[in-house]
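Visitor: I would like to learn how to read a few features of a model. Where do we start?

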Amino acid sequence: MSVERLKNFIEGEWVDSESKEYGEVRNPAWDRLLCQVPMSTREEVDRAVQAAKNAFPEWRNTPPVTRARYLHGLRGLLEENFDELSRVQTTEHGKTIDESRGETRRGIEMVEVATGIPSLMQGYNLEDIATDIDEYCIYQPLGVFGHIAPFNFPFMVPLWYLPFAIATGNTFIVKPSPRDPMSQVELFKLLDEAGIPPGVVNLVHGAADVANSLLEHPDIKGMTFVGSTPVGKIIYRKCGETGKRVIAQCGAKNFLVILPDVDLDSTIPSLMTSFFGNTGQRCLSGANAVVVGDDGRFYKRFVDEFVGAASKIRVGDGLDESVQMGPLQNADSKKRVIAFIEKGIEEGAEVLLDGRKLNLVGDVSETCFLNPTVFGNVTPSMTIGKEEIFGPVASIMRAKDLDEVTEMIHGNPYGNAASIFTSSGKMARKFQHDVMCGNIGINIGIVAPMAFFPFSGMKDSFFGTLHGQGRDAIRFFTESKIIIQRWF
Amino acid sequence: MELNTAAAVIRFAEEVEEKSAQFYADCAKKYKEGEEQFLSFARENKKNASLVKRAYYGVISDALEACFSFKGLTVEEYLFDTEFDEKAGLPEILKMSLEIEDKIQKFYQRAGELSESLLADVPRALKKVAGKRNERKHTLEALLNRTR
């Protein structure tokens, strides 16, 4: 049986890649081949950039209200295909169907916000900056933007940027992750169906070579990226060298802080979602759970309930609605997470729950699966306490007070998110004020900003100036132009 | 079997609405004196299913505790039988309807409580349907009293 080979979408056409090199896209739950993805050539990137460049003049002159109508059309199509889009995500990524539906909804919300572009893109003015002289600030699109997507949210993450980029009048190129590119193919089918003019949006499959071609291309005005910190640093540097704007949203090591006054019954489900949702493969996942204070009884109760809940998580194929955690996206990720678990044991952390002992629902392949792992007695200096694991591993720590927690968080190079669980408004206020992380949660396990707020991030979790989503995105994708006028 | 995820709960809600709607449609054909009421129940079931699905699909997000909100919601507690004896009279059917509605109402009520504060808008929709099923029980009791 022949396996489907994915095509690129360039200038409004689905085209076979000229590449001889193809990667495999596999369903991680069953370890089955789904399709092959081309490692496109530099020439194909050039063609996509040229198409986007050619489409730009007409697209930027298309009234914002008309551009918004295309997005309204897209939104309708996304709603119509909601469940199919979600199933594709679960099939190629492995996450649960609830998580995929959540991802689809988040993606649609980006499109919804971008439909407000006639209001969002408005500039401002002031009459009489001097007698009979007026000044205006208008926002204009820049040209071609590119996006390098991660594997953890194959549908949603490109939508953090694409709708804002094209709504503001730019043209756009997406390079999906070669591990799970099918969701983007489905999205681009709908972009095509929505009638978006040829060249405005383009899809080029591939890996590092395609990413480098985009980064080095002189006709690309800006790049957006979500992925690891080491790669984000390279992208930031390369964009600096070629004069591009850049949003690089990177790695994380998120601390979730638990005070003894907490409502534990409500908090535990929230923590399970944070640590083990999406199989721990998100930049907003909980990594370190820090229990504050010297209340030994509370600590024991917390550990018992946390480990008890984690041990009951049903792990299996995400399309099974009783499953609460899917596999890791690929076998290499599993190996990487196991190496972290081994390192944790070697450095003296206590294994409270060992996810290497598999307990799976159904007859799935074990290739990419791990059950949840929980470590106790973890310190911030241990490898598992400081490095991003990107898998279903929780490290429980203790701190004497909130100041010590803040020190712990600030001692870590990342600054993506941190949450506090408490009934005390005073403690919560101190936490949000003191902690230097881009996204702060108060009794929230996953601090995912809505489409109309920027997805913030600090320190090694973010490189750039303006963030994705919300007003930041509008500013990122536009140049401000000042007009000062006087009439004689 | 435990209904442990939002997806499983929503699917079960759809199933109970569909199954009980079919039951009421069958009742309407057989019991002319209750036809209007039974058909009205069957129609409302479709609206209930839409209400719950709309709430779920509208707010489902990777940040919500969709996979971890429900604990102790066992399917077996809420299963009901819709087959009735062809010779059964209206009072028996009304009693059977009451038992069905009681189970469905309890399911929605419990699901709503378990997801309270964890799933935005979904608990409200679940509890709203629980309230409707409760009203239905009163209607059925009144009908039953009239047949006595």
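Visitor: Is A63(B) buried or exposed?

Guide: This is a predicted model. A residue counts as buried if 20 or more other C-beta atoms lie within 10 Å of its own. A63(B) has 23 other C-beta atoms within 10 Å, so A63(B) is buried.

Visitor: Where in chain B is A63(B) placed, and what does A63(B) touch?

Guide: A63(B) sits in the loop between α2 (35-59) and α3 (75-78) of chain B. Not counting residues up to four places away in sequence, A63(B) touches I446(A) and A448(A). As for Q37(B), 26 residues apart from A63(B) along the chain, the two C-alpha atoms are separated by 42 Å.

Visitor: Which residues touch the most other members of the largest nonpolar core?

Guide: That core has 103 residues, and those touching the most other members include V257(A), I396(A), A6(B) and V9(B). Helix α1 (residues 6-30) of chain B gives the largest share of this core, 11 residues. A second, separate core has 80 residues, W59(A) and M121(A) among them.

Visitor: What is I396(A) in contact with, beyond its neighbours within four places in sequence?

Guide: Its contacts include A289(A), F306(A), V374(A) and V378(A).

Visitor: How many residues of domain 1 of chain A are in contact with domain 2 of chain A?

Guide: The domain assignment gives domain 1 as 8-250 + 461-486 and domain 2 as 254-442 in chain A. From domain 1, 19 residues are in contact with 26 residues of domain 2. The domain 1 side has 6 nonpolar, 7 polar and 6 charged residues. The C-alpha centres of these two domains lie 31 Å apart.

Conventions. Residues are numbered from 1 along each chain as its sequence is written. Chains are lettered from A and ligands numbered from 1 in the order in which they are written. This is a predicted model: local features need pLDDT of at least 70, side-chain atom pairs count only at pLDDT 80 or more; totals for chains, interfaces and linings use all residues. A nonpolar core is a set of buried Ala, Val, Leu, Ile, Met, Phe, Trp, Tyr and Cys residues joined through C-beta atoms within 7 Å. A residue is buried if 20 or more other C-beta atoms lie within 10 Å of its own, exposed if 12 or fewer, and partly exposed in between; C-beta atoms are placed from the backbone. Helices (H or I, at least four residues) and strands (E, at least two) are DSSP runs, numbered from the N terminus. Two residues are in contact if their C-beta atoms, placed from the backbone, lie within 7 Å. Domain bounds come from an automatic or database domain assignment. Ala, Val, Leu, Ile, Met, Phe, Trp, Tyr, Cys and Pro count as nonpolar, Asp, Glu, Lys and Arg as charged, and the others, Gly among them, as polar.
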